[in-house]
Amino acid sequence: MSLTGALQASTSGLRTAQMQSEATSRNIANASTEGYVRKELPQVTTSGGLVQTGEARREVDASLNRMYRQHSSAMAREQAIYEAVGEYTATLGQPGDGLSPADRLTDLRSSMIALVNNPGSNAAQNGVASSAQEMVTSLNQSSDMLARVGGEVDMEIKYDVSDFNETLHKITSLNKQISDAPPGSLGAADLGDRMDVLVEKASKLIDMQVRRSTDGRATLYTAGGTPLVDGDQASYITYDQTAGTLFAGKTNITPDSTDARGFQNGSLAGLFAVKKDVLPRFQLQLDEMARGLVQGFESADASLAPGQAGLFTDAGAAFDPAKLEGLAGRIAVNAAVDPAQGGQLSRLRDGIGATTPGAAGDSTQVEAFVSMFDDPLSADPRTGLETSLSLRDYGSNMISAQEFEGTRAQERFAAARTAAETVNGTRQGIQGVNIDDEMQKLITIQQSYAANSKMMTAVMKMMDTLLEAV
């Protein structure tokens, strides 16, 4: 090799070592940076015998990335369901705690039995009135809590839609930056890291299909195939709260909609499951319990005229089958038994329609009321509960079912989180930065740099000697 060739070789070696040192130093500096992927600048030899760096490589595993997106999307769905259901069931109470609607129903029946044993007792009558009011309060509060959770779910959907659209905008902007970046540069590789972070953020909101071009640009579709991002163009999503629908552009992507090309996972899918399935089912269960009380006491009350309300009313009115929805929030104790509103406690013994007090020792009507608790409720099958349950058993079964829904949601969330964390751990082992490995590599690069530097120094001395001899 000539001196000039040796000088060129050592110069190229120094330049290559410098660039590799920069890449390794960036790896070390970003070891704890979320979403950062280890970069590698391979050394290649040219046909002329010189060395240089090849295109920057991101140490990524596309399969693991896809698996992580899928598991984190499923986790986000289950988390949304668990948090919404958990918030409601935490205030609902549990069988046996004395606070749940089921326990209030048991208390009401017990007070009725006490009244059967002493129908003329003012204290026993007061006990029934008090238990009836506590029953009403429990149903009212449970229904109000469901409405509050429903409002929070709608708000969360709006927030998620806004976050998703903002993320889509960032992805389209990043697609353009990637197109303009020098191919194979460390800067272009860093843009790839940013793209992965944005895609994973979007996937936690909506389950997606992702296509990556060779230069790192992303094309996104819903799991059902609806386009979301193509180059620098995005189909932003909109939420119609009244209709309960979600659109990407003009395409319906509402989760679990039969005519939609949407998605099944992600926090938005979880929120829609709560909004369209869980909360309506819980509300129907409460409304059926309220119906059992209003309709049951009407049917068991021999003193009532047609269309007259019994002990429990729909905001003061008799039961109307066309107005079942929301009944648990409107159920109230009939003012006819409240002395503060001009009513008489004796009607709890004689019947709500009684115009004059009956015999103090007559428990016939109260016994009919007590028997009503064991009559079949014939609940709507959409409650998910047995239709043949009596009112007495319905309450405890309803509370157990709602508590089980919360427990099951928690278990599904824990399982999905474990799966996501397991895949991410494997992924980080491949894509993450190992400080020890990088430090060893940095030492090797420094040795290479020193060797090339010595070569350059030796060549320069030889050239100086030759020039002095001329």
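The model is predicted, and every value given here is computed from it. The largest pocket has a volume of about 720 Å³, and the largest nonpolar core has 96 residues. An open sheet of four strands and an open sheet of three strands are described in turn.

**The largest pocket**

- The lining of the largest pocket, whose volume is about 720 Å³, consists of 31 residues, of which Arg 58, Arg 212, Ser 213, Thr 214 and Gly 216 are the closest to the centre of the pocket.
- Two or more lining residues come from each of β4 (57-58), α2 (62-92), α4 (122-180), α5 (186-205) and β5 (208-212).
- By residue class, the lining of this pocket divides into eleven nonpolar, ten polar and ten charged residues.

**The nonpolar cores**

- Within the largest nonpolar core, which has 96 residues, those with the most contacts are Leu 220, Leu 293, Phe 297, Leu 311 and Phe 312, and the largest share of this core, 18 residues, is contributed by α4.
- Apart from this core lies another, of seven residues, among them Leu 64, Met 75, Ala 420 and Val 423.
- When residues up to four places away in sequence are not counted, Phe 297 touches Leu 108, Met 112, Gly 292, Leu 311, Phe 312, Phe 369, Met 372 and Phe 373.

**The four-stranded sheet**

- The strands of this open sheet follow the order β5-β6-β7-β8 with antiparallel pairing, and its edge strands, β5 and β8 (233-234), each pair on one side only.
- Strands β5 and β6 run antiparallel and are joined by five bridges; Gln 209 has Tyr 221 in β6 as its bridge partner, while Arg 212, which is also among the residues closest to the centre of the largest pocket, stands opposite Ala 218 in β6.
- The hairpin of β5 and β6 has five residues between the strands, and in this hairpin Gly 216 takes a positive phi near 105°; Gly 216 is likewise among the residues closest to the pocket centre.
- Strand β6 (residues 218-222) is mostly covered, with four of its five residues buried.
- Two bridges join β6 to strand β7 (residues 227-230), and these strands run antiparallel; Leu 220, one of the residues with the most contacts inside the largest nonpolar core, stands opposite Val 229 in β7.
- The hairpin of β6 and β7 has four residues between the strands, with Gly 225 taking a positive phi near 100°.

**The three-stranded sheet**

- This open sheet has the order β9-β10-β11, again with antiparallel pairing.
- Because β9 (237-240) and β11 (251-252) stand at the edges and each has a single partner strand, one side of each is left without a neighbour in the sheet.
- Strand β10 (residues 245-248) pairs with β11 in the antiparallel sense over two bridges, and the bridge partner of Phe 247 in β11 is Asn 252.

**Thr 167 in helix α4**

- Thr 167 has its place in helix α4, and this residue counts as buried because its relative accessible area is 1%, where the cut-off for buried is under 20%.
- With residues up to four places away in sequence not counted, Thr 167 touches Leu 198, Lys 201 and Ala 202.
- Thr 167 and Ala 328 are 161 residues apart in sequence, and from C-alpha to C-alpha they are 41 Å apart in space.

Terms used: Residues numbered from 1 in each chain as written. Predicted model: local features only at pLDDT ≥ 70, side-chain atom pairs only at ≥ 80, totals over all residues. Heavy atoms only, no water. 1 Å grid on protein atoms, 1.4 Å probe; cavity = no way out; pocket = protein on both sides within 12 Å on 5 of 7 lines; lining within 4 Å. Points joined across faces, edges and corners; volume = space filled by probe spheres on them. Nonpolar A, V, L, I, M, F, W, Y, C, P; charged D, E, K, R; others polar. Core = buried A, V, L, I, M, F, W, Y, C linked by side-chain atoms within 4.5 Å. Buried < 20%, exposed > 50% of the residue type's maximum accessible area, 1.4 Å probe, protein only. Contact = heavy atoms within 4.5 Å. Pairing = 2+ DSSP bridges.
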